[in-house]
Amino acid sequence: MNDSISDGISAEAAAAPKTDGWEPKIVAFCCNWCSYGGADSAGMGRFQQPASARIIRVMCSGRIDPLHVFNAFLEGADAVLVTGCHIGDCHYVNGNDKTKIKYKYLENVAHELGIEKERLQLNWISASEGEKFANFIRDVTEQIKKLGPSPLKPAGVV
Amino acid sequence: MQKGEMYVGWSTKEDVRKRGGSGGLVTSMLAAALEKKMVDAVVVLKKINEFEAVPVITSDVNEVLNSAGSLHSVPSNFAKLIANKNLKVALPAKGCDVRGIIEQSKRNAINLDNTFVVGLNCGGSMHPVVTREMLEVMYKIKPEDVHGEEIEKGKLIFETKDGKEHAITIDELEEKGYGRRESCRYCTIKIPNNADIACGNWGVTGDLVGKATFVEINSEKGARLLQNAIDAGYVQVQKPDEKGVAIRAKIKGTMEGLGKKWKDKVFVPMDNGRLEYFRKELEHCIDCGACKAVCPTCSCGDISKCTEFHYRGDAYKMSMYHLVRFLHLADSCIGCGQCSDVCPVDIPLTRLYRRFANTVQEQLKYEPGMDQRKPPYFEAKLEV
């Protein structure tokens, strides 16, 4: 009896993910001062966007360690977005300059590892650019829907 | 004596000259530095047999003099050995040792002002286990019978105890999968100009072939080291002839060209299935951490990002440990090959790390271990 139940579950989990009706999971790292505000004003301005993004607020985009990004992928994210203030607008003077250089490493390593470039994107969004934020999330969701689930997604995670 | 000058020199001690690879200059120079209290200690390889040796830090002049002679099948790296010891030390170093030492100094683990680095020209080293197998399969001699080894004109020569010489070209050996370690094949640092002084037998001409060492002084510290050895009566030097200088440059060019060729051969670009390739290669990892322990550019210590964020129970598709190391080594991998050598499950780690390091270092125009420049991350400035 027990066997048949567990068999049923594993068969379901092993089956190819359904692409119709499948919503990607997107992890978006937003800096407290700009892009998190951008996400906020996207909501206030009532710009439509898919419910695929999970926002993680950090104080500065310079805080985002490449390790966080890889951990997100390994935990099942289909895409990871790194967002921050425009260059020159950083609340902490040059935090996003550091992000820029760090991101170069990260981008190269992720690409060499075989993660598609659509799955990892960098964007500078200010607190007033609510529409830009909503459009960005919409675009990425569309791109990821075409690509399908991430190859790094653990078994059993939707 | 000053930076940029070149000399040909040899040891004045008969015994050292005889045993030393080419005139015993390096051994004598190290011994003189120790004798005249320029340094407190010297790193030498203590020979176990023809294929094995352990690096030791010693303050005994006789032990230094006894270490004369070269070993091609001991792929050690001295950078980690002298790190965090705060020693006044002189040591011989291959290209990758020097790069490791410079990387450690950037991480404040080695004080370069107290470290005299005697660079050795290096065409590559061999793995002891592979060498033993090669002797039996290719040379058809017993590893125990080997008395000495030499690399000359692209041939690897083993001398047996009965006095016979067995020679096979390195190209032929490498075609069969023996010969130099893989990382040495695509290494392009053949003359370590990043060390204080660069020594080697390339460029020695005429009667002196095999009996003298060609020296190039790369820094003020290197000049002091050689001057001290001359003053102490340990070595003799003379100016090299122009032909020798030209030959040395030519050998360097050829070797580097070969290295680049190997690089293209090993790192074939992959379009699809990269993720699967890395996953497959890392599948057998047993989390022993040996690759991190030997890595000459790593100085995080026991508690580090790669280990603390890795937990086997997560059962991720790819281990967090390796992902963090891929990232860290993307800007600091020097391609020494230590990680592949020690891996108990034979993962070709250097090849994996280099895949990332090649692209990143090329794009950011940063070569670790060549000079004091910090990784580009440290150069972040406010762009107005």
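This is a predicted model: local features need pLDDT of at least 70, side-chain atom pairs count only at pLDDT 80 or more; totals for chains, interfaces and linings use all residues.

**Entry 1: the second largest cavity**

I began with helix α4 (residues 95-113) of chain A, which gives the most to the lining of the second largest cavity, with four residues. Helices here are DSSP runs of H or I with at least four residues, strands are runs of E with at least two, and both are numbered from the N terminus. Residues are numbered from 1 along each chain as its sequence is written, chains are lettered from A and ligands numbered from 1 in the order in which they are written, and side-chain values use heavy atoms, with hydrogens and water left out.

For the terms, I used a 1 Å grid over the protein atoms alone: a cavity is a set of points where a 1.4 Å probe fits but cannot get out, a pocket is an open set with protein on both sides within 12 Å along at least five of seven lines, and lining residues have an atom within 4 Å of a point. Grid points are joined across faces, edges and corners, and a volume is the space filled by probe spheres set on the points.

The second largest cavity has a volume of about 60 Å³. I listed its lining as A:I64, A:D65, A:P66, A:V82, A:T99, A:K102, A:Y103 and A:L106. By class that is five nonpolar, one polar and two charged residues. Nonpolar covers Ala, Val, Leu, Ile, Met, Phe, Trp, Tyr, Cys and Pro, charged covers Asp, Glu, Lys and Arg, and the others, Gly among them, count as polar.

**Entry 2: the largest cavity**

How many cavities of 30 Å³ or more does a search of the whole structure find? I found four. The largest has a volume of about 90 Å³. It is lined by 16 residues, and those closest to its centre are B:C295, B:P296, B:C333, B:C336 and B:C339. In chain B, α12 (290-294), α14 (320-332), α15 (338-342) and α16 (349-363) are the elements that each give two or more residues to this lining. I sorted the lining of the largest cavity into 10 nonpolar, five polar and one charged.

**Entry 3: a pocket with both chains in its lining**

Next I took the second largest pocket, with a volume of about 800 Å³. Of its 28 lining residues, B:R107, B:L327, B:H328, B:D331 and B:F378 lie nearest the centre. Two or more residues each come from α3 (66-75) and α4 of chain A, and from α5 (95-106), α13 (305-308) and α14 of chain B. The largest share, seven residues, belongs to α14(B). The lining of this pocket holds 14 nonpolar, four polar and 10 charged residues.

**Entry 4: rings in chain B**

B:Y277 and B:F278 make an edge-to-face pair, 5.2 Å centre to centre with 65° between the planes. My cut-offs: rings of Phe, Tyr and Trp (its six-membered ring) pair if their centres lie within 6.5 Å, and planes under 30 degrees apart are stacked, over 60 edge-to-face and the rest tilted. B:F278 counts as buried because its relative accessibility is 0%; buried means under 20% relative accessible area, exposed over 50%, and partly exposed in between (1.4 Å probe, protein chains only). One aromatic cluster is formed by B:Y277, B:F278, B:F326, B:Y353 and B:F356.

B:W262 has B:R185 over its face at 5.1 Å from the ring centre, and B:K265 over its face at 4.5 Å. A charge sits over a ring if NZ of Lys or CZ of Arg is within 6 Å of the ring centre and within 35 degrees of the ring normal.

**Entry 5: a covered strand**

In strand β1 (residues 6-11) of chain B, five of the six residues are buried. Four bridges join β1(B) to the antiparallel strand β10 (residues 213-217) of chain B, with B:Y7 partnered by B:V215. (Strands pair if DSSP finds at least two bridges between them.)
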